[in-house]
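Hi everyone, thanks for making the time.

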Amino acid sequence: MSATLSSHNFPDYRHTQKTMSSSSPSQLQVILFFLSLYLVTVAEGGHKPCLQAFGADQFDGEDPKECKAKSSYFNWLNFSLASGLSVSLLILTYVQDKLSWVLGFGIPCIMLVVALLLFLAGTNTYRYSVKREENNAFGRISKVFVEAARNWRLSPSSEKAIEEGVQGTLSHQCSPKFKFLNKALLGQRFSEEGRKACSINEVEEAKAILRLIPIWSTSLIYATVQAQSSTFFTKQGDTMDRSIGLDFDVPSASLKSIITITVVLFVPIYDLVFVPIATIFTRNPYGITMLQRVGIGLSLSTISMAIAALVEMKRLRIAQEHGLVDMPNATIPMRIWWLVPQYVLFGLNNVFANIGLQEFFYDQVPNELRSIGISLSISILGMGSFLSSFLIYFLEKITGGDDQDSWFNDNLNKAHLDYFYWLLLGLNALGLATYMHFAKSYVYNRRGVS
């Protein structure tokens, strides 16, 4: 609607650029514009985690064939999302720039309506999870921590009772980690208030949530690395030779489409070729475990930073050799295609780490919290962007003092993004080592993979 109002105000906008540049949008246009942005934000917040969780719920986790198909579901879901994003980057941007903003926004609007109708048409065929517990998962897990805190100071005889087991089953059903939560199993027997004890299943649910925290936290550095594809990679591309032929320059931001194209190309290879071959060697029906998949993605992320640092070093050297250091708007005689390998590796990172994290957090949380599990995996990338901003701000203050050129100087020919990339490589390697430590000792909650 905002674009339509704009076109009505300026029907022949190609010939009235001067008029447009001196005119401001109406208050209604501004309201509609920001309202649409907020609606998209709210919709994405609900759509992304629920889409993945609800789609995976359509597979029966107790059936071996459907369980294996569920693992493939995450691959092909991301294949579809990457395909749509690639079309949007390559086609819709052209439509909006060359034809009409109304048409550019109208096409996805129509597609969303069609998608909604198709979704509603299948309502009677969907599987829905059956709630087996009276209390919601948040209440059960919170109760475990509350009861464990209340029973924190127990007499030695009470602690001995925990070790021996409640009703003779504790030693067989309780995991050895986070033993302090086992104190939540003590209710009426050791409490003067007569509180009802938590069940072993409730304690194990709480332990499962705690086991996810090390994996989530050690993946944050990886997400910090991923944030660079939308920022400094694009700025580097702006300074390089982007020409194709005589009259066309490749927009540096469009190189980000290489990431989604890599996902589109490699997901079928992973699912149809890599997994069957890996199964032969590992005897695992999923090829490799979820955490092994994430670990490969984190390793590729480290390699991508090494390549990015080497390419930036070459760019700075060429700028110096041609006397372009003090000319920020000059084009460095270095083809933009030098950036392609790092974008391709970022796409492979998505295939291994991002999809692996989605499947892992979905699979390892209690049944009623699966959409929250997906949200946790998505939050890793969001937190990574915040950490990237904080790290850049911190380094800018340190390296830019005393009238020195900081690592992030507006003139990239005087900046040192290569130093920043080497730092990210070191942090990512440290994060990978920490991740491997926790992943090696992780005990899966449901699926018998290790």
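Let's start with helix H6 and helix H9, where Arg 140, Ile 141, Val 144 and Phe 145 of H6 meet Glu 202, Val 203, Glu 205, Ala 206, Ile 209 and Leu 210 of H9. Contact here means heavy atoms within 4.5 Å. The residues of this contact divide into 7 nonpolar, no polar and 3 charged. For those classes, Ala, Val, Leu, Ile, Met, Phe, Trp, Tyr, Cys and Pro count as nonpolar, Asp, Glu, Lys and Arg as charged, and the others, Gly among them, as polar.

Before going on, a word on where this comes from: it is a predicted model, in which local features need pLDDT of at least 70 and side-chain atom pairs count only at pLDDT 80 or more, while totals for chains, interfaces and linings use all residues. Residues are numbered from 1 along each chain as its sequence is written, and side-chain values use heavy atoms, with hydrogens and water left out.

Back to the geometry. H6 covers residues 137-150 and H9 residues 200-218, and their axes come within 9 Å and cross at roughly 90 degrees. The axes are lines fitted to C-alpha atoms, for helices over the stretch in contact, and angles run from 0 to 180 degrees between N-to-C directions. H6 and H9 are therefore roughly perpendicular to each other. On this scale, angles under 35 degrees count as roughly parallel, over 145 as roughly antiparallel, 65 to 115 as roughly perpendicular and the rest as oblique.

Now a second pair, helix H14 (residues 340-364) and helix H15 (residues 370-399), which pack at about 150 degrees with axes 7 Å apart. That makes H14 roughly antiparallel to H15. From H14, the contact takes in Asn 354, Leu 357, Gln 358, Phe 361 and Tyr 362, and from H15 it takes in Arg 370, Gly 373, Ile 374, Leu 376, Ser 377, Ile 380 and Leu 381. By class, that contact holds 7 nonpolar, 4 polar and 1 charged.

Stepping back to the chain as a whole, the secondary structure comes to 16 helices and 4 strands. These are DSSP runs numbered from the N terminus: helices are H or I with at least four residues, strands are E with at least two. Of the 450 residues in the chain, 42% are buried. Buried means under 20% relative accessible area, exposed over 50%, and partly exposed in between, using a 1.4 Å probe and protein chains only. Among contacts between residues at least 6 apart in sequence, 77% join residues at least 24 apart.

On to the charges. How many salt bridges does a search of the whole structure find? It finds 7, a salt bridge being a side-chain nitrogen of Lys or Arg within 4 Å of a carboxyl oxygen of Asp or Glu.

One of them joins Arg 315 to Glu 312, with the closest N and O atoms 2.9 Å apart. Both residues sit in helix H13, 3 residues apart, about one turn of the helix. Are they buried or exposed? Arg 315 is buried at 0% relative accessibility, and Glu 312 is buried at 0% as well.

Another salt bridge brings together the side chains of Asp 241 and Arg 335, at 3.1 Å from N to O. This pair links distant parts of the chain, with Asp 241 in strand S1 and Arg 335 in strand S4 (residues 332-335), 94 residues apart. Asp 241 is partly exposed at 22%, and Arg 335 is partly exposed at 34%.

Then there is Lys 414 with Asp 326, again a salt bridge, at 3.1 Å from N to O. Lys 414 lies in the loop between H15 and helix H16 (417-440) and Asp 326 in the loop between H13 and S4, so the pair ties together parts 88 residues apart in sequence. Lys 414 is partly exposed at 30%, whereas Asp 326 is exposed at 58%.

Asn 411 also has its place in the loop between H15 and H16, and Asn 411 is buried at 8%. Leaving aside neighbours within four places in sequence, Asn 411 is in contact with Val 325, Asp 326, Met 327 and Pro 328.

Last stop: Arg 283, in the loop between helix H12 (257-282) and helix H13 (290-321). Arg 283 has a positive phi of about 60 degrees although it is not a glycine, and it is exposed at 72%. Thanks, everyone!
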